[in-house]
Amino acid sequence: MWAPRRRLDPEWMDRPGADPRLIERALADLRWVNRSLGGTGALLRGVDPFLARLQPGEPLEVLDVGAGGGDLALAIASHARRR
């Protein structure tokens, strides 16, 4: 079975000299994809069972690896406050 070879070089957004305008545009696109194609909603539904087990004031710690622009972490925090 064919599989692509793993790339070890930095993602283009993490490279020195990356154009900040292109980075902001890419992050805006990621925010749109997450909101419009259901990624944010799916994540929040996945977090709900953990929120339901918390006592009032008890923290929920989430590690967002490859966080992009942080829009999913912000969505979780906002959702948790409402719940």
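**View 1. Asp48 and its contacts.** Leaving aside residues up to four places away in sequence, Asp48 touches His79 and Arg83, where contact means that heavy atoms lie within 4.5 Å. The model shown is predicted, so local features need pLDDT of at least 70 and side-chain atom pairs count only at pLDDT 80 or more, whereas totals for chains, interfaces and linings use all residues. Residues are numbered from 1 along each chain as its sequence is written, and side-chain values use heavy atoms, with hydrogens and water left out. Asp48 is placed in helix 2, helices being DSSP runs of H or I with at least four residues and strands being runs of E with at least two, numbered from the N terminus. With a relative accessible area of 19%, Asp48 is buried; buried means under 20% relative accessible area, exposed means over 50%, and partly exposed lies in between, using a 1.4 Å probe and protein chains only.

**View 2. The salt bridge between Arg83 and Asp48.** Arg83 forms a salt bridge with Asp48, and their closest N and O atoms are 3.4 Å apart; a salt bridge is a side-chain nitrogen of Lys or Arg within 4 Å of a carboxyl oxygen of Asp or Glu. Because Arg83 lies in the segment after helix 3 while Asp48 lies in helix 2, the pair ties together parts that are 35 residues apart in sequence. Arg83 counts as exposed, at 60% relative accessibility, whereas Asp48 counts as buried, at 19%.

**View 3. The two sides of helix 3.** Helix 3 (residues 71–82) has 12 residues and reaches 17 Å from its first C-alpha to its last, which is close to the 16 Å expected at 1.5 Å a residue, the expected span being 1.5 Å times one less than the number of residues. Within helix 3, the residues Asp71, Ala75, Ile76 and His79 are buried. Seen down the axis of helix 3, its buried residues fall within an arc of 140°, and therefore they line one face of the helix; the arc is that of the directions from the helix axis to the C-beta atoms. An α-helix has 3.6 residues a turn, so residues three or four places apart point the same way. Leu74 and Arg81, on the other side of helix 3, are exposed. The cover over the buried residues of helix 3 includes helix 1 and helix 2 (39–52).

**View 4. Salt bridges elsewhere in the model.** The count of salt bridges comes to six. In one of them the side chains of Asp19 and Arg21 meet, at 3.0 Å from N to O; Asp19 is partly exposed, with a relative accessible area of 24%, while Arg21 is exposed, with 66%. Glu24 forms a salt bridge with Arg31, with the closest N and O atoms 3.0 Å apart, and here Glu24 is partly exposed at 41% relative accessible area, as Arg31 is at 26%.

**View 5. A nonpolar patch that includes Val33.** On the surface, Trp32, Val33 and Leu37 form a nonpolar patch with about 320 Å² of accessible area together. Patches are made of residues with over 30% relative accessible area and no salt bridge, like charges being joined within 9 Å and nonpolar side chains (Val, Leu, Ile, Met, Phe, Trp, Tyr) within 5 Å. Accessible areas come from the Shrake-Rupley method with a 1.4 Å probe, and for residues only the protein chains shown count as cover. Val33 lies in helix 1 (residues 20–36) and is partly exposed, with a relative accessible area of 34%.
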